[in-house]
Amino acid sequence: MARPKKIKPKEKPQVEDSAVMSKDKEEPKEIENWADKVDSDVYIHVEKMYPTIRKAYENREEANEAIEEYWKIFNAEPDDNAMYAGNSKCYIPAVRDAITARAKRTLKQLFPTKYSHVEAVGSDGQDPGPQLALLEHYIRTTKLKSVCRSILLSGDVTGQWNICMDWKRSYRNISGVVRRNPILNTAEGSEVEVQDPTEEVDEEKDEEILVEGPDISDFATEDLVVIPPTCNNLDDADISCLKLRMSKAAIQKMVMSDRKGTEKINPQKKRTSDAGIRTEGTFKYALIYWAQAYVEFEKGKKSLADIYFAGEKEILGIIKAPQWGQKRSVISAPVDRISGSFNGKSKVDAVKFLQWNLNDFWNMGQDSAMYSLLPVVMTDPEKNPNYAMMVFGLAAVWPVDP
């Protein structure tokens with residue numbers, strides 16, 4: 001009888017978790033900012049982009065007004081489109097309920113099982129367990145399910161799915177207690193410390209660690225422009241631009257992070273048109289145009305660049321994109337693709353008149369029901385000149401000729 005062969009277990013690949021590492025373990029590369037080189041060809045080429053970007057945002061104003069109208073329908077806010085002007089001011093959230101139901105159903109299909117969202121099949125026979133575990137970890141830490149729900153809702157309202165991908169890194173201090181042998185004395189002429197092995201003491205230890213990982217956020221469709229607007233693929237566009245709104249502290253944080261790695265700030269939903277310093281109530285913020293375009297940093301070789309405009313003559317940064325794939329950080333796609341247009345059409349547009357008519361008919365019915373419940377009293381105005389004092393509801397007292 002032949003002896004069975006011993007099968008050696010496959011060696012699992014060594015995977016190092018890069019989410020948390022020591023600060024001294026990796027030093028990021030220094031970032032070169034071409035905005036300081038005013039006389040360079042790169043700066044002159046980038047400077048010509050600003051008027052084009054401004055014009056692209058001006059061309060979006062009509063579409064932005066329509067999107068604002070769609071959001072009012074979704075949020076059940078009455079506006080000037082109501083034809084009936086009576087006492088009842090109700091709003092039936094029919095469109096909102098339909099969009100929410102669509103988003104809930106799609107979200108259930110995208111995230112069917114808790115903590116199990118990714119599957120992989122390989123041809124080399126290796127177990128992809130560590131990679132799948134890392135992806136599941138990123139799905140939880142980035143709160144991807146919550147982001148996807150917001151994207152699905154805004155996609156039906158605006159007609160466009162939008163998401164911004166980035167790699168975020170930050171440093172934080174951790175304090176802990178370590179048990180160790182106390183130091184008795186130090187030998188003269190050397191750095192060797194003599195410890196007492198018979199006793200242990202608690203000592204505080206502070207450590208600065210680096211936390212990094214993917215950052216996923218959604219943004220408003222009105223804040224994105226693509227030049228030319230007829231291209232269907234974002235990577236084929238000449239310029240893509242997104243509005244960033246940052247406070248003074250956020251800008252300072254971004255300056256510090258630029259020395260260690262780029263970091264983007266998620267734009268808010270308040271819309272404005274021009275770059276520069278803006279004041280909204282008591283909140284002062286900077287509106288910056290973050291453009292991405294392919295720029296010829298080296299002769300005959302174009303690379304993706306992150307460009308930050310703070311005004312027509314103020315360029316804060318022209319930085320070669322650090323990502324290896326040289327793909328844009330913004331992912332945007334229409335819900336229903338339209339030939340010859342980058343942006344899609346809102347799902348609300350086809351049913352907006354039905355929603356407005358539904359509100360009008362409902363309010364008419366409410367007022368009619370109220371009138372039918374009111375008791376009608378007839379009185380002679382000559383014998384009862386103060387009949388108006390008897391009125392306690394609409395159509396309660398009618399003056400008639402006896």
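These legends accompany close-up views of a predicted model. Local features need pLDDT of at least 70 and side-chain atom pairs count only at pLDDT 80 or more, while totals for chains, interfaces and linings use all residues. Residues are numbered from 1 along each chain as its sequence is written, and side-chain values use heavy atoms, with hydrogens and water left out.

**View 1. Glu32 and Lys37 meet in a salt bridge.** The N to O distance is 2.4 Å. A salt bridge here is a side-chain nitrogen of Lys or Arg within 4 Å of a carboxyl oxygen of Asp or Glu. The structure holds 10 of them. Glu32 is partly exposed at 43% relative accessible area. Lys37 is also partly exposed, at 34%. The terms follow relative accessible area: buried is under 20%, exposed is over 50%, and partly exposed lies in between (1.4 Å probe, protein chains only).

**View 2. A salt bridge joins Lys313 to Glu47.** The closest N and O atoms are 3.7 Å apart. The pair links distant parts of the chain, 266 residues apart. Lys313 sits in the loop between β10 (301-311) and β11 (314-320), and Glu47 in helix α1. Helices (H or I, at least four residues) and strands (E, at least two) are DSSP runs, numbered from the N terminus. Lys313 is exposed, at 61% relative accessibility. Glu47 is partly exposed, at 25%.

View 3. Lys48 occupies the loop between α1 (41-47) and α2 (49-59). Its relative accessibility is 60%, so Lys48 counts as exposed.

**View 4. Lys345 and Asp349 belong to a salt-bridge network.** Their side chains meet at 3.6 Å, N to O. Salt bridges with shared partners join Glu69, Lys345, Asp349 and Lys352 into one network. Lys345 is exposed, with 51% relative accessible area.

**View 5. Four glutamates form a negative surface patch.** The members are Glu61, Glu62, Glu65 and Glu68. Patches take residues with over 30% relative accessible area and no salt bridge; like charges are joined within 9 Å, and nonpolar side chains (Val, Leu, Ile, Met, Phe, Trp, Tyr) within 5 Å. Lys and Arg count as positive and Asp and Glu as negative; His and the chain ends are not counted. Each charge is placed at NZ of Lys, CZ of Arg, CG of Asp or CD of Glu. Glu68 belongs to helix α3 (residues 61-74). It is partly exposed, at 46% relative accessibility.

**View 6. Four lysines form a positive surface patch.** Lys104, Lys108, Lys114 and Lys145 make up this patch. Lys145 is part of helix α6. Its relative accessible area is 46%, so Lys145 is partly exposed.

**View 7. Val376, Met378 and Trp398 form a nonpolar surface patch.** Together they have about 330 Å² of accessible area. Accessible areas come from the Shrake-Rupley method with a 1.4 Å probe; for residues, only the protein chains shown count as cover. Trp398 lies in strand β14 (residues 397-399). This tryptophan is partly exposed, at 42%.

View 8. A disulfide is a covalent bond between the sulfur atoms of two cysteines.

**View 9. The peptide bond from Ile227 to Pro228 is cis.** Omega is near -5°. Pro228 falls in the loop between β6 (224-227) and β7 (239-246). Most residues other than glycine have a negative phi, and most peptide bonds are trans.

**View 10. Lys143 and Gln326 have positive phi values.** Phi is near 50° for Lys143. Gln326, which is not a glycine either, has a phi of about 55°. Lys143 lies in the loop between α5 (129-141) and α6 (144-158). At 60% relative accessible area, Lys143 is exposed. Gln326 is placed in the loop between β11 and β12 (330-334).
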